[in-house]
Amino acid sequence: METPVNVAVIYYSATGSVFKLAKAAATEAEKAGARVRLRKVRELAPDEAIATSEGWSEHVATTQHIMEAALDDLEWADVILLGSPTRFGLPAAQLKQFIDTTGPLWGQGRLVDKIGSSFTSTATAHGGQESTILAMNNTYYHWGCIIVPPGYADPIQFQAGNPYGASHISDNGAIPPGELELAAVQFQTRRAIEIAEILRRGRDT
């Protein structure tokens, strides 16, 4: 019996849009037979800042049960899915801070040949979705991962329209991801797992 693929979905979310995408990815990975770790990165913002936003404080409270990401989650994974809202066309500082702790794994080559893919959410249309995904993917280059984008490899992508990775326009958290965005991240997840399985079979022959 083939060993299941290990999938780590590691994300940062302030008002919940990226969390919903991450949760959909994790659920889809489980349906595909993978072993899954859904992990949030540590919040860096002070409590006073979080308290100024009802959506932010509510999201923090409702996701207290989600474990924080650790380096072991990356080493364990065959597939790494990173998710972040955009901050001026870049990933959020919270995700970047976690990435900056990965030097020991990088230095030992522990992340080489893993599958990597990224997704995002922005407040506005054209609000940096592609540049944020590309910035997250820069990390995969340095880790030596194999980047697997969704491309236009499924009909859903001609509706979702982002070959770089699943993305969503939240209107500052007012609009949650809909069926289209969730279907896009689900396809992206399945594709990443399928490529991981193909690579594994190639190594075993």
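Author: Let us begin with strand S5 (residues 115-122), which is mostly covered, as eight of its eight residues are buried. Buried means under 20% relative accessible area, exposed over 50%, and partly exposed in between (1.4 Å probe, protein chains only). Helices (H or I, at least four residues) and strands (E, at least two) are DSSP runs, numbered from the N terminus. Before we go on, note that this is a predicted model, where local features need pLDDT of at least 70, side-chain atom pairs count only at pLDDT 80 or more, and totals for chains, interfaces and linings use all residues. Residues are numbered from 1 along each chain as its sequence is written, and side-chain values use heavy atoms, with hydrogens and water left out.

Reader: Which residues point one way from S5, and which the other way?

Author: Ile115, Ser117, Phe119 and Ser121 point one way, while Gly116, Ser118, Thr120 and Thr122 point the other way, and all are buried.

Reader: How do I read strand pairing, and which strands pair with S5?

Author: The idea is that two strands pair if DSSP finds at least two bridges between them. Strand S3 (residues 79-87) pairs with S5 in the parallel sense over seven bridges, and there Leu81 stands opposite Ser117. Strand S6 (residues 146-147) also pairs with S5 in the parallel sense, over two bridges, with Ile147 as the bridge partner of Gly116. With strand S7 (residues 167-169), S5 has three bridges, again in the parallel sense, and His168 in S7 is the bridge partner of Ser121.

Reader: Is S1 enclosed or open?

Author: Strand S1 (6-11) is largely enclosed by the rest of the structure, because six of its six residues are buried. Asn6, Ala8 and Ile10 cover one side and Val7, Val9 and Tyr11 the other, and all of them are buried. S1 runs parallel to strand S2 (residues 35-40), joined by six bridges, and Tyr11 stands opposite Lys40 in S2.

Reader: Now for helices: how are two packed helices described?

Author: They are described by the angle between their axes and the distance between the axes. Axes are lines fitted to C-alpha atoms, for helices over the stretch in contact, and angles run from 0 to 180 degrees between N-to-C directions. Here, helix H1 (residues 17-31) and helix H9 (residues 179-204) pack at an angle of about 45°, with their axes 8 Å apart. H1 and H9 are therefore oblique to each other; angles under 35 degrees count as roughly parallel, over 145 as roughly antiparallel, 65 to 115 as roughly perpendicular and the rest as oblique.

Reader: Which residues of H1 and H9 meet?

Author: Lys20, Leu21, Ala24, Ala25, Glu28 and Ala29 in H1 meet Glu181, Leu182, Val185, Gln186, Thr189, Arg190 and Ile193 in H9.

Definitions and conventions:
Contact means heavy atoms within 4.5 Å.
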